Amino acid sequence: MPTALITGITGQDGLYLAELLLAKGYDVHGLIRGQNNPRRDLVESLVPDVRLHTGDLTDMSSLIRALRDADPDEVYNLGAISYVAYSWENASLTTDVTAKGVLHLLEAVRLHTGDDPGRVRFYQASSSEMFGKAQADIQNETTLLWPRSPYGVAKVFAHYMTINYRESYGMHASSGILFNHESPRRGPEFVTRKISRAVARIKLGLQDHLTLGNLDVQRDWGFAGDYVEAMWLMLQQPQADDYVIATGEAHSIREFVDAAFRAVGIDDWTRYVRHDPDLRRPADVDRVVGDASKAERVLGWRPTVRFPELVQMMVEADLQASRPG
Ligand code: NAP
């Protein structure tokens, strides 16, 4: 039975990946941080077979201990301070966790594997935010990186450090450059979930409006359940490599809002949506859209959930969750 260690087990992707690996017969371990983590109960109820280890990406000795105790064949590094807007307010902390934390984990894996660096396969959760001020209409693995937030900059550091450990030490370290992926488990601070939740609550009469920033930015949105499959596929390859994972379609936030309101039967939503210029970011990423043809060719990966189904899925889940009683 292969063994996997997942950092970021309490997050959206950590939960989907844990379910996927358990279904494949893995012995799954998760790193959980903090004293009395409020999401521990959720992890224990959704994936009770996962064994949890206390640790933090900023504390290298805790990572060495978790590796020793779990002794994994595969390590998936999903832990990060992942909310772009927050990363301007906490740039130093974001750098400690999202950038330096990855160096800690790579180094801990290197020490753990000793003379056999390929013994543990490593996945790094890179991000389309690394493309930032996009230097190509559609971005692939060779597009120049131009991050536009402390989060994006931290991810670029982590991305190149992963490549550097692969090239320097022969580690089987792969990096998935994942474009935005969403689900009913997306944190409520992220714009897609903010929209799906508000639309459900407006429909149920529990809320009267939704406040948003720039509606014109465009993202390439896929379903998190599809994207964790790509992470696993990367670690099954004989050679480690980097892959863009995306749907290849760009949609604006305005389109997301429109699809979400239509999903509850509201065609004219303008009176429910307010604009707050303070929600604009110091530097925005206007449009990113990914070319996942390498992942399709090498991994045989393709997204199964398209934009309209994704929005529908999220709104329906929030309607269920918001219904009184
Ligand atoms: P998420 O829901 O925000 O989860 C982030 C996870 O990181 C949480 O489990 C969190 O744990 C953990 N974490 C935060 N600080 C930590 C620390 N100091 N030490 C250890 N763990 C820590 O993110 P996600 O959407 O699942 O994304 C997973 C990964 O993919 C992240 O690295 C994210 O940056 C990256 N990514 C996401 C997307 C996307 O669209 N979702 C796209 C590209 C890349 P707590 O519960 O303790 O806070």
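Trainee: What distance separates the centres of domain 1 and domain 2?

Mentor: In this predicted model, the centres, taken over C-alpha atoms, are 27 Å apart. Domain 1 covers 3–181 + 221–245, and domain 2 covers 187–219 + 249–287 + 305–322.

Trainee: What makes residues of domain 1 and domain 2 count as in contact, and how many are there on each side?

Mentor: The cut-off is heavy atoms within 4.5 Å. On that basis 16 residues of domain 1 are in contact with 19 residues of domain 2. Between them the two domains bury about 1600 Å², with 62% of this area on carbon and sulfur atoms.

Trainee: Why is the pair of arginine 219 and glutamate 129 called a salt bridge?

Mentor: A side-chain nitrogen of Lys or Arg has to lie within 4 Å of a carboxyl oxygen of Asp or Glu. The closest N and O atoms of arginine 219 and glutamate 129 are 3.7 Å apart, so the pair qualifies. The count of salt bridges between domain 1 and domain 2 is 1.

Trainee: Which elements give two or more residues to the side of domain 1 that touches domain 2?

Mentor: They are helix H4 (84–89) and strand E10 (222–223). H4 gives the most, with 3 residues.

Trainee: What is the make-up of that side by class?

Mentor: The side of domain 1 that touches domain 2 has 7 nonpolar, 5 polar and 4 charged residues.

Terms used: Residues numbered from 1 in each chain as written. Predicted model: local features only at pLDDT ≥ 70, side-chain atom pairs only at ≥ 80, totals over all residues. Heavy atoms only, no water. Domains from an automatic or database assignment. Buried area = accessible area lost by both parts, 1.4 Å probe. Helix = DSSP H or I, 4+ residues; strand = E, 2+ residues; numbered from the N terminus. Nonpolar A, V, L, I, M, F, W, Y, C, P; charged D, E, K, R; others polar.
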